Amino acid sequence: MEKTEYITLLVEGKEIRLPVVVGTEGEKAFDISQLRKQTGYVALDRSLMNTAVCCSAVTYVDGERGILRYRGIPIENLVETHSFMEVAYLLVHGTLPTPEEKRNFSNLLNVNSLLHEDMRHFFDHYPRGAHPMHILSTMINALAVFYPNVDSLSLNEDIEISTARLISMVRTMAALAYKKSIGEPVVYPRNDLSYCANFLNMMFDSPVAPYRISEDAVRILNILLILHADHEQNCSTTTVRTIGSAQVNLYATISAGISALSGPLHGGANQQVVQMLREIEKDGDVTSYFNRVKDRNDPTRLMGFGHRVYKTFDPRAKIIKKECHAFLEKMHIKDSLLEVALAVEKAALADEYFIERHLYPNVDFYSGIVYRALGIPENMFTVMFALARLPGWIAHWREMIGTETKIVRPRQIYVGKTWQNA
Ligand code: CMC
């Protein structure tokens, strides 16, 4: 019989034994779920800085060593040899697809790529200038009205269709929102194109200037999407798991994840980075921006820097930086913001403030420069992140539905008025 390890906690003179849980990579936790029952105490952990909220087999992050693996496979390997579609399959299903599974998944994506024509008209009524992330979250919520067969309790065949619909249709929605915003005719998805080529074609093809799909553009987009595809219990994924635990349908759940992602401290950072770099370029150097960042009374942060988990280089940022250089060079694109970004990174890595706090470039620092080079407008950067993160959110939702039955319901410590002094 397996031996269970315990940690002993001394609470008001009484010894409490808490079971130890050890992950497959050796991470240790002690289970406090019975603590209140045994002692009357709850654990207080503001912003969940030190709490594992679930056991998950989707993604492994080692923030000290800068490691990121999906289903056990390092991201460095995945970007070299796999497509975003294969990685989406890997995240959702747990293994890379066989040739037959790949064909079936690809077919499912193709048959679910068209947006319902009635939904298309929604786009006509959003105000000009509405942020595409807000449009996207409302459109995804609306999917439950058009496709109501998404029962959160059953992992039946509908779930495969809903998964494919989200991964495929959100790409169509994103491109459509862009075309609408610039007043151009909509370009429909094509079954003969790969996921990334299809997206680029829907974004940039026009009746007067057919888009020539560049292999290099497809390759780098594929890399970016793979690198953003999952990142274990980040804010939006935790949102998805939390909302999903109330047995909300998958579309409403993903819509909530998108809202969480839109925040500037989360996925919204990629858009803010470019705005910041432009501001620093205008100033001529980083000094005044850094002074603001270091001023405790000023909320300014160095966008694209720092991470709750990584206390070293974000492995995604390393790959994006290298690929960004190579892509711009190959396409003969000169972007002064890349020079600014390199100078900012160099200055930050040599500055005591950032060194002391272990602040390094994160995934958002260089991604915007690649998106600019691809011709993607700034207000679409976070949409690109959302597009990429869909397989991750879906994988976590499916895992949660399959393994956890209890609604997420944290405790609090009440510090308001008491009845006696109300
Ligand atoms: N610029 C300046 N100071 C920072 C930054 C930053 N980007 N990040 C952290 N710090 C400081 C912070 O002020 C604090 O200093 P002190 O100890 O003196 O009070 C210390 O470093 C620890 O920071 P924290 O706020 O406790 O760290 P956190 O784990 O709560 O926050 C973070 C993580 C990502 C929200 C934060 O680093 C940040 O705001 N970064 C900028 C926004 C950004 O790039 N977000 C994208 C994150 S990666 C992709 C994603 O998740 O979507």
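Q: Which helix gives the largest share of the second largest pocket's lining?
A: H7, with four residues. Helices here are DSSP runs of H or I with at least four residues, strands are runs of E with at least two, and numbering starts at the N terminus.

Q: What kind of model is this, and what are the ground rules?
A: It's a predicted model: local features need pLDDT of at least 70, side-chain atom pairs count only at pLDDT 80 or more, and totals for chains, interfaces and linings use all residues. Residues are numbered from 1 along each chain as its sequence is written, and side-chain values use heavy atoms, with hydrogens and water left out.

Q: Back to the pocket. Which helices each supply at least two lining residues?
A: Helix H6 (132-146) and helix H7 (157-181).

Q: What's the volume?
A: About 300 Å³. The lining has 16 residues, and Pro 127, Ile 135, Ala 177, Lys 180 and Ser 181 are the closest to the pocket's centre.

Q: How is a pocket defined?
A: On a 1 Å grid over the protein atoms alone, it is an open set of points where a 1.4 Å probe fits, with protein on both sides within 12 Å along at least five of seven lines. Lining residues have an atom within 4 Å of a point. Points are joined across faces, edges and corners, and the volume is the space filled by probe spheres set on them.

Q: How does that lining split by class?
A: Ten nonpolar, three polar and three charged. Ala, Val, Leu, Ile, Met, Phe, Trp, Tyr, Cys and Pro count as nonpolar, Asp, Glu, Lys and Arg as charged, and the others, Gly among them, as polar.

Q: Switching to the ligand. How many residues surround it, and which are the closest?
A: 21 residues, each with a heavy atom within 4 Å of the ligand. His 266, Arg 296, Leu 302, Gly 304 and Arg 308 are the closest. By class, the shell has ten nonpolar, six polar and five charged residues.

Q: What does Arg 296 do with the ligand?
A: A polar atom of the Arg 296 side chain sits 2.6 Å from a ligand oxygen. That makes a polar contact, a pair of N or O atoms within 3.5 Å. Leu 302 uses a backbone N or O atom, 2.8 Å from a ligand nitrogen.

Q: Now strands. How do S1 and S2 run?
A: Antiparallel: six bridges join strand S1 (residues 6-11) to strand S2 (residues 14-22). Strands pair if DSSP finds at least two bridges between them. Leu 9 has Ile 16 as its bridge partner in S2, and Thr 8 stands opposite Arg 17.

Q: Which residue has a positive phi in that hairpin?
A: Glu 12, near 50 degrees; two residues lie between the strands.

Q: What does S2 do with S3?
A: S2 pairs with strand S3 (residues 28-30) in the antiparallel sense, over three bridges. Val 20 has Phe 30 as its partner in S3.

Technical notes: A polar contact is a pair of N or O atoms within 3.5 Å; within protein, one must be able to donate a hydrogen and the other to accept it, and residues adjacent in sequence count only if both atoms are side-chain atoms.
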